[in-house]
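Good morning, everyone. Please look at the model on the screen while I talk.

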Amino acid sequence: MSSYLDELNDAQRAAVEYIDGPALVIAGAGSGKTRVLTYKIMHLLNNGYKPWNILAITFTNKAAREMKERIAKQIGEQDAAQLWMGTFHSIFMKILRMEIDKTDYQKNFTIYDATDSKNVVKGIIKDMNLDDKIYDLRTVCSRISGAKNDLISPEQYESTEQYADDSNAKRYKMVDIYRAYMRKCQTSNAMDFDDLLLQTHLLFLKHPELIKKYSDKFRYILVDEYQDTNSVQYNIVKSLASLHHKLFVVGDDAQSIYAFRGARIENILNFQRDYKEAKIFKLEQNYRSTKVIVNAANNVIAKNARQLKKEVFSENETGDRIRVLESAADIDESYKIAADIYNRVADGDEKYSDFALLYRSHSQSRSLEESLHKRQIPYKIFGGLSFYERKEIKDLIAYMKLTQNGNDDEAFKRVVNYPKRGIGDTTMDKITALATANNLSIWNTVVRLQEFDPTISPRTINALAQFMKMVYQLKLFADSNDAYKATLQIANTSGVLKDLEADKSVEGQGRLENAQELLNGVKQFVETRQKDGNTATLAEYLEEVSLMTGDEKNEDDSNKVSLMTIHASKGLEFKNVFLCGVEEGLFPSQKSAESSVQLEEERRLFYVAVTRAQKRLVISFARMRFKYGQLAPAQPSRFIKEIDTKYLDFGAGGESQFEAARDIPYAGRFRKTFAENDRNIAARPVPKFGNFKKYVPGSGPNRAAQVSPSDLKEGTEIKHSRFGRGRIVAFEKMKDDTKLTIDFINVGRKVLMQKYAIADMQIVN
DNA sequence: CACGTCACTGTTTTT
DNA sequence: CAGTGACGTG
C-alpha cells in the first residue's frame with residue numbers, strides 16, 4: 001500500500017485511484033484539489049505511465065510550477081521535467097514551435113501581448129478611416145478575441161449575434177477589421193494570446209495526422225480549473241483525448257469567474273454528456289476554512305440557479321463570525337484596515353503574511369497601499385501594472401523581440417525612434433500605410449522604401465538603415481551568445497541604458513533600476529538553465545517571459561501583507577482576509593448587475609473571495625468612495641445581505657447599517673479630517689475591531705422571518721432595507737403581482753412591485 | 001520633428 | 001484622477 005494514498009480522504013482517494021476512463025472531479029473550495037492532482041500524477045507514474053505521456057494543464061504558470069516542484073520532490077527533478085505540464089498557452093506554444101513548418105508562421109514568431117493587439121487594431125481603424133467613437137477599441141478587441149476563442153472565423157462572423165449587435169451600433173466593418181487584424185499578425189509573424197490556442201486548433205484541423213500523433217502521445221490528460229476553459233481549449237482537449245479517453249478534469253462550477261474571457265461554464269456542467277462513461281467524484285469537505293465561513297459562502301452561492309449539486313462542509317472549528325465593517329469613506333476603510341492589521345501584529349497574535357486584502361478592481365489598491373505605507377506595514381501587490389508592462393521594460397523587450405523577429409511591427413514601431421533617431425510619426429505613418437497596402441511587414445517595407453516612395457528624404461532613409469543595421473548586428477550577436485550577454489549588448493548598443501542613466505530624477509532612477517532588474521532576471525534565467533545543462537538563448541528567454549504575468553516572478557514569501565484582486569486570489573488561502581469595497585456598483589460591478597448571467601458570475605466571484613479565508617473574514621464597505629476624481633455615495637453590496645445574519649458580526653453599530661444611508665457630511669470635510677488622522681496616526685492607535693463575536697449555533701440574532709405576501713395590507717408598517725421605514729398606503733392586486741404604494745419616512749412615497757420588494761422588507765410591529 | 005499644454009473621458013476581472 | 005489624444009510652438 002503506497003503511503004501517499006493514506007493521506008487522502010475517501011473521495012480524494014477514489015478520484016486518484018480511478019484511472020480507467022474519463023473522470024470529472026468537482027472540487028469544492030478548499031477541498032484539497034491540488035493535492036488530488038499532484039497525487040494523481042504520482043499515482044499514474046506508479047502505475048506505469050511515463051512522464052512524457054502525461055499532459056497536465058493548469059490555469060497559471062505559477063500553479064504549474066508549484067505542482068511540478070511538489071512532484072519533483074517525490075520522483076526527482078529529471079522525471080518531473082519530462083512531464084508536459086503548463087498552461088494551455090505555454091503547452092500549445094511548445095507544440096506550435098515543434099510543428100511550425102505545418103503552419104503559416106515561421107519558427108521565430110513572437111507573441112503580441114494585449115497592448116500590442118490593441119495597437120494593431122488601433123492602426124487598422126485609423127488605416128480604414130473609421131470613426132473611433134463607433135469602433136471603440138475595447139469593444140473591437142474583445143469582439144475579435146471572443147470570436148477567436150469561439151472558433152468563429154472572419155467568414156463566419158457575419159452570422160453571429162455579435163455581428164447583429166455590431167450592425168445595430170453601426171459597426172458594419174467588423175469583419176474587415178477582424179480579417180485585417182489576422183493578416184497583420186501574420187505578416188508580423190506574431191501571435192497574440194488567442195492565436196496560441198486558435199492556431200493550434202487550426203493546425204490540428206489541417207493536419208489530422210497530428211491529432212493522431214499527440215493523442216497517442218498523451219496517454220493521460222489532466223485539466224485543472226476546467227470550469228474556466230473556453231471553446232478552443234475544450235475542442236483541443238477533446239481531440240487530444242479522443243484516442244485513449246483518459247481525461248481527468250478538475251474544477252468547481254461555483255468558481256467559474258472567467259466568462260468575460262470566453263470561459264464556458266457549460267464545459268464542466270455538460271462533462272457527463274460529452275463523456276458518457278465519465279465517472280464523477282465530488283470533493284465536498286473543505287479543509288481550509290471555519291464552519292462559519294463555509295456556511296456563509298454556501299448561503300451566497302445558493303442564490304445561483306445554474307450549478308452542479310454539491311454540499312461543501314467543514315469539520316473545522318466553528319470560528320468567529322464574519323465582521324461586516326462600515327466606513328464613512330474609502331479612505332477611512334483603508335485606515336481602519338491598516339490599523340487593525342497593525343494592532344493585531346503588534347499584539348503578537350499574527351504575522352503580516354497572514355493577511356490578505358482582496359478587492360474587485362485594481363484601482364482600489366491605491367488607498368489601501370497608502371494606509372499600509374503610513375503605518376510602515378510591509379506589503380506586496382500582485383498583478384496590476386506588472387513589471388513587464390512598465391515602459392522601460394517593454395522597450396527593452398521590444399528590442400529583444402525585434403532581434404528575433406524583425407517583422408514584429410509592434411516592436412519595430414515601439415523602438416525605432418527610442419532613443420531618438422530622427423524618425424518621427426510622419427515617416428512612420430507613411431511607412432505603415434505602405435506596409436498595409438503591400439501586405440508586408442514594416443521591416444520588409446523599409447527594405448524597398450525607395451522603390452515604394454522616392455520622396456522620402458535620404459536623411460530619413462539613412463536613419464532607418466542605421467537602425468536596422470544595428471538590429472541585425474544585435475541579432476547576430478544574440479545568435480552566438482547567451483540571453484544575458486545578448487540583453488546586455490542590446491541595452492548598451494541601442495542606447496536605452498544611456499538614455500535611462502541620463503535621467504537623474506527620482507522616477508528616472510527607478511526606471512534605471514527596473515531595467516537593471518530585468519537584466520538580473522535574464523542572468524538568473526541563464527544561470528538556472530545552464531545549471532541544468534540546458535541552453536539559454538534569448539529566444540528561449542523571450543518564450544518564457546512572453547507568457548509570464550508579472551506576479552509570477554519569484555516573490556520573496558517574506559512577511560508581507562498581500563494585496564490582490566479576487567481574480568488573482570483564486571487558488572490561494574490566507575488566515576485573515578479583508579474583502580474591501582463590497583458596495584453596489586463596485587461589487588457587483590455596475591455592468592454586471594444588469595444581466596442575471598453576469599450577476600451570477602459576480603456572485604461566484606464573491607464566493608471565491610469568501611472562501612479564501614481560513615479563520616477570519618472581514619467584509620468591508622464604505623458609504624462614500626472616490627471615483628472618477630470625486631467622492632460618490634455608495635451602498636453596501638447585495639451580496640452581504642445574502643449571508644444569513646447569524647454568521648455576521650456588525651460591530652457596535654449593529655445591523656442598522658443596512659438602513660437607508662445616513663446624511664453624509666460634505667465630501668471635502670472627509671479629506672481634511674483624514675489629513676489630520678494622518679498626522680496623528682502614530683500617536684493615536686486605533687483599537688482593533690475588538691475580538692470577533694463567536695458564532696454559537698442556534699443562537700444569535702437571526703434575520704427576521706421572511707415576509708409572506710399575506711402579511712402585507714394597507715396600513716402595514718414595514719422596514720425596507722434600502723428605503724428605511726414606511727407605511728403601505730395603497731395595495732393594488734394585478735395579474736401576477738401586487739403593486740404597493742408606500743410612504744417612506746425618509747425618502748417619501750414610492751411604488752414598488754411586491755414580487756421584487758418583498759425580499760427587502762420586514763414587518764415592523 | 002520634438003515637446004509642451006489642454007481638454008476629454010472613463011473603469012471590472014487576465015492567459 | 002490619470003491616461004490619452006489633439007493641437008500649437010520652437
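I will go through charges first, and then the backbone. One caution before that: this is a predicted model.

Let's start with salt bridges. Side chains of opposite charge can pair when their charged atoms come close. A search of the whole structure finds 40 salt bridges. I will pick out a few.

Take K213 and E99. Their side chains meet in a salt bridge, 2.7 Å from N to O. K213 sits in helix α13, residues 208-217, and E99 is in the loop between α6 (88-98) and β4 (110-112), so this pair ties together parts that are 114 residues apart in sequence. Are the two partners buried or exposed? K213 counts as partly exposed, because its relative accessibility is 43%. E99 counts as buried, at 4% relative accessibility.

Next, D482 and K485. They form a salt bridge, and the closest N and O atoms are 3.7 Å apart. D482 has 16% relative accessibility, so it counts as buried. K485 is partly exposed, with a relative accessible area of 44%.

Now E540 and R529. Here the closest N and O atoms of the salt bridge are 3.6 Å apart. E540 belongs to helix α29, residues 538-546, and R529 to helix α28, residues 506-531, so the pair ties together parts 11 residues apart in sequence. E540 is partly exposed at 21% relative accessibility. R529 is partly exposed too, at 25%.

Some bridges share partners. That joins K33, D224, E225, D228 and K570 into one network. Keep E225 in mind; we will come back to that residue.

Which charged residue is buried yet has no salt bridge? D408. The nearest side chain of opposite charge is K401, 4.0 Å away. D408 is in the loop between α20 (391-404) and α21 (409-415). Its side chain does have a polar atom 2.9 Å from the backbone nitrogen of A411.

On to the surface. Which residues form a positive patch there? K118, K122, R138 and K591. K591 is in the loop between β15 (574-580) and α31 (596-610). With 60% relative accessibility, K591 counts as exposed.

There is a negative surface patch as well, formed by E66, E69, E77 and D532. E69 lies in helix α4, residues 61-75. This residue is partly exposed, with a relative accessible area of 47%.

Now the backbone. Most residues other than glycine have a negative phi, and most peptide bonds are trans. Here are some exceptions.

Where do we find cis peptide bonds? One runs from Y418 to P419, with omega near -10°. P419 is in the loop between α21 and α22 (425-438). Another joins F587 and P588, with omega about 5°. P588 is in the loop between β15 and α31.

Phi of E225 is near 50°, a positive value in a residue other than glycine. E225 lies in the loop between β6 (220-223) and α14 (231-240). At 9% relative accessibility, E225 counts as buried.

N439 also has a positive phi, near 55°. N439 is in the loop between α22 and α23 (442-447). At 37% relative accessibility, N439 counts as partly exposed.

That's my tour. Over to you for questions.

Terms used:
Residues numbered from 1 in each chain as written. Chains lettered and ligands numbered in written order. Predicted model: local features only at pLDDT ≥ 70, side-chain atom pairs only at ≥ 80, totals over all residues. Heavy atoms only, no water. Patch = residues over 30% accessible without salt bridge, like charges linked within 9 Å, V, L, I, M, F, W, Y side chains within 5 Å. Areas by Shrake-Rupley, 256 points an atom, 1.4 Å probe, with all protein chains shown as cover. Lys, Arg positive; Asp, Glu negative; His and termini not counted. Charge placed at Lys NZ, Arg CZ, Asp CG, Glu CD. Helix = DSSP H or I, 4+ residues; strand = E, 2+ residues; numbered from the N terminus. Buried < 20%, exposed > 50% of the residue type's maximum accessible area, 1.4 Å probe, protein only. Polar contact = N/O pair within 3.5 Å; in protein donor to acceptor, adjacent residues only side chain to side chain.
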